[in-house]
Amino acid sequence: MEINKIIIYDTPILNVSGKIDAVTSKQLESAIDELLKLDAKMMLLDLREVEYVSSSGLRVLMVAKEKLRQRHGDLRLASLQPLVREVFEITGLKQFFSIYPSQGEALKDMLHKS
Amino acid sequence: MDAYSIVSHSLVLLQATCVILVSAYLITRSRYFVEVLDGHRTWENQLALILFFGAISVYGSVIGISYSDAVISVRDLGPLAGGMACGPIIGLGAGLIGGAVRMTMGGFTADACSLAAVLAGLAGGLIYLKTRRFPAIAFSVALAALFELFHMALALALSRPFSVALDVAEAGVVPMMLANAGGMLVFAYIVSNFIAERENKAERERIQRELDREQAELAVAADIQKSFLPDAVPADSGFDLATVSMPARVVGGDFYDFIPWEDRLGLVVADVSGKGVPAAIFTGLAKTILRASMAPGKDIAEVLRDTNNIIADNSRSMMFVTLFLGCLDQKNRTLTYANAGHFPPLLFRAKESAFSKLEVTGVALGMAAGMEYQVRQISLNPGDILVLYTDGITDAEGAGGEMFGLDRLASAVASSNHLSSQEILDRILKEVFAFSADQEQFDDITAMVIKG
């Protein structure tokens, strides 16, 4: 798994690629925690290059979302591949997240509102 | 000084260095030194170390090299190093031996030199009392050099005639400082290495013990987790049942359960987010809450709703569990179920020889309170096969990174549909392991096969 961090208008964006499984989800968690120190309210995770998310990975996303919610922010997701989308649909995680078809659309929405 | 004497002096110094090197090595490897280092002081080991360091001090007097008008000795080194490494008793004892022998050698600086040897032992001992461990090499070397400066000052203060003492001190101070600093460098290096080596070893042993203990605890945890699983498949369900649960690590986050519920049989297959110990702890919680929620008179949706609410209210760790809860009715040959975010079980219809899936009817348990779950019902006719599984089966990876997937699972079932549930399950596992032959089992595997 690889994580690229960029910040656009104070909104941290993580471009993740590879598999988010039991091992790599810990890397993702630390990367997110690192960005949480910036006091940003909104965060965007672009999963365009992610082919697999395990339940450990889903938990990391839920934890991050909860941490951001506590500071009245949110974790948004963009560009889910079909297999990843399926996991979100089956577990029901889909209904807890704002999911965008692309990073561009996510940013347009997020920056417009904030 | 001519070339010959420079070479011979150098050889003597080299000899002295070698003697100190070997002595330091022998002392540190002796059980006396180790015992004192560990704080087990006895008369025997202290006396032995006093003699050791005293002998080095005597050697330092005997080896004395005449240089110009002075005799260069490394007498103070033994007591100083002994004191620093082993404390004031050993430092002083060695100093007294070195001092007494120096006294017998006479000369107008005898008093000062003898006293210096004793004070060297005392100084080393005081440093030991203050730091309780052998000081850094640079500090030790600097101290040895400075002590020789003090030694010369002592000689000037005590030895008469003063003018002769001044000549000797002038000639000797730099060589004495260098010789003792060099000796201390060798000694401190060996002692420091020895202590570091021992500490590393102790640390390694501590980590190993810790690992052994954790492994023993994990083995117990695995036993406890196994004991949470049903001992055997219920014999009187009226259906042909088989199950398997194999954690990827010692303990895992999957579980299954059979729960007699009124006159029916409750079936559970569940997968907690994550793996290993955290997931294993959570399985115990989820299973217990589910069983406690299965009160008579409730329907499956209510059971899942209550279970979800209790887990969500108590789970600040954001752990969640995907869970399939079914209820087999022997009389009506039906399965009533609700699926809380679990991978849709695979249903094989014997009559049509076709597959369908039991889709989710609500979200995984523990994500948020207040969720609702739908109940569905299917018939299970003779020859129909229902396979409940966790993603350890469908996500098992082949050599090329490809996943086992639902299609391979379905074809394993289709090709063995005429067999018993246990044989179908064996076929599935065989195919999964053949598919992921070279890969380590990465995720917990749990499955239940129900044949009508």
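Predicted model: local features only at pLDDT ≥ 70, side-chain atom pairs only at ≥ 80, totals over all residues.
Along α2(A), the buried residues are S55(A), S56(A), G57(A), L58(A), R59(A), V60(A), L61(A), M62(A), A64(A) and K65(A). What covers these buried residues includes, from chain A, the strands β2 (11-20), β3 (42-53) and β4 (74-78) and the helices α1 (24-36) and α3 (82-91), and the cover also includes β5 (264-272) of chain B.

Turning to the contact of the two chains, 13 residues come from chain A and 17 residues from chain B. On the side of chain B that touches chain A, 10 residues are nonpolar, 5 are polar and 2 are charged.

Within chain B, the axes of helix α4 (residues 77-86) and helix α5 (residues 88-104) come within 7 Å and cross at roughly 165 degrees. Because angles over 145 degrees count as roughly antiparallel, α4(B) is roughly antiparallel to α5(B), and the crossing by which α4(B) passes α5(B) is right-handed. To this contact α4(B) brings G78(B), P79(B), G82(B), G83(B) and C86(B), while α5(B) brings P88(B), I90(B), G91(B), A94(B), G95(B) and G98(B). By class, the residues of the contact of α4(B) with α5(B) are 5 nonpolar and 6 polar, with no charged residue.

Technical notes: Residues numbered from 1 in each chain as written. Chains lettered and ligands numbered in written order. Buried ≥ 20, exposed ≤ 12 C-beta atoms within 10 Å, placed from the backbone. Helix = DSSP H or I, 4+ residues; strand = E, 2+ residues; numbered from the N terminus. Contact = placed C-beta atoms within 7 Å. Nonpolar A, V, L, I, M, F, W, Y, C, P; charged D, E, K, R; others polar. Axes fitted to C-alpha atoms, helices over the stretch in contact; angles between N-to-C directions. Parallel < 35°, antiparallel > 145°, perpendicular 65-115°, else oblique. Left-handed = near helix turned anticlockwise from the far one by under 90°.
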